[in-house]
Every structure is written in C-alpha cells, then in structure tokens.
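Please examine the sequence and structure below before reading on.

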Amino acid sequence: MTAPKGTFPGVNIMTPEVLGHYKLREGWAELSQGRGMEGEPIYGVTVCMLGGARLTLDPSKLLHSKVAAIRYIQTLQEG
C-alpha cells in the first residue's frame, strides 16, 4: 500500500530506505530502514496523521528489528 503523495516529504537521514506504508485509522505509518552508528540494521516507523493534526505525543519510533517495527505498526493500527 502506498501513502498519498506528499504524506512523507523528504528522506529520513537515519533510515533512508522506505520499506512500505501502512494505513492507520487516522493516518499513515511509514516503515524504513538504515544503519546505526556501528553498522547494525535499524528500522524507523514514522507516523503522519491525516489533516496534519499535531500530536501531543509523536508515536514515531526507532527500533532494532524489522519484526519489532511491524509489531509496533500493528499496535498503532489497532488504535
């Protein structure tokens, strides 16, 4: 699934390779990957709410495994 154009502008400097987009109840999550300071794989989950709503607590997160990142996205999808 692909998020609407412009939902995630630019490239994340830490996790520049986009792996996919996931629909949330009120927005989108982007899963991306990169390399940490010691070359280890890292995964970013960037969250964008529809309508540009400002979040009190930004649920975007950096994780150290793809499985953990996908599980985190699933918890966001559950609301």
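A nonpolar core is taken here as a set of buried Ala, Val, Leu, Ile, Met, Phe, Trp, Tyr and Cys residues joined through side-chain atoms within 4.5 Å. Buried denotes a relative accessible area under 20%. The model is predicted.

## Nonpolar core

The largest nonpolar core has 12 residues in all: L24, A29, L31, Y43, V45, V47, M49, L63, A69, Y72, I73 and L76.

Leaving aside neighbours within four places in sequence, V45 is in contact with A29, E30, L31, S60, K61, L63, A69, Y72, I73 and L76.

## Helix α1

Helix α1 comprises 13 residues, 66–78. At 1.5 Å a residue the helix should span 18 Å, and the 19 Å between its end C-alpha atoms agrees with this.

A69, Y72, I73 and L76 are the buried residues of α1. They fall within an arc of 100° when seen down the helix axis, and therefore line one face of the helix. These buried residues pack against β1 (17–24), β2 (27–35), β3 and β4. On the face turned away from the buried side, α1 carries the exposed residues R71 and E78. Just after the helix, G79 adopts a positive phi of about 80°.

## Loop residue D58

D58 lies in the loop between β3 (41–49) and β4 (61–63). With a relative accessible area of 48%, D58 is partly exposed. Its C-alpha atom is separated by 15 Å from that of Q77, a residue 19 residues apart from D58 along the chain.

Methods:
Residues are numbered from 1 along each chain as its sequence is written. This is a predicted model: local features need pLDDT of at least 70, side-chain atom pairs count only at pLDDT 80 or more; totals for chains, interfaces and linings use all residues. Side-chain values use heavy atoms; hydrogens and water are left out. Helices (H or I, at least four residues) and strands (E, at least two) are DSSP runs, numbered from the N terminus. Buried means under 20% relative accessible area, exposed over 50%, partly exposed in between (1.4 Å probe, protein chains only). The expected span of a helix is 1.5 Å times one less than its number of residues. The arc is that of the directions from the helix axis to the C-beta atoms. Contact means heavy atoms within 4.5 Å.
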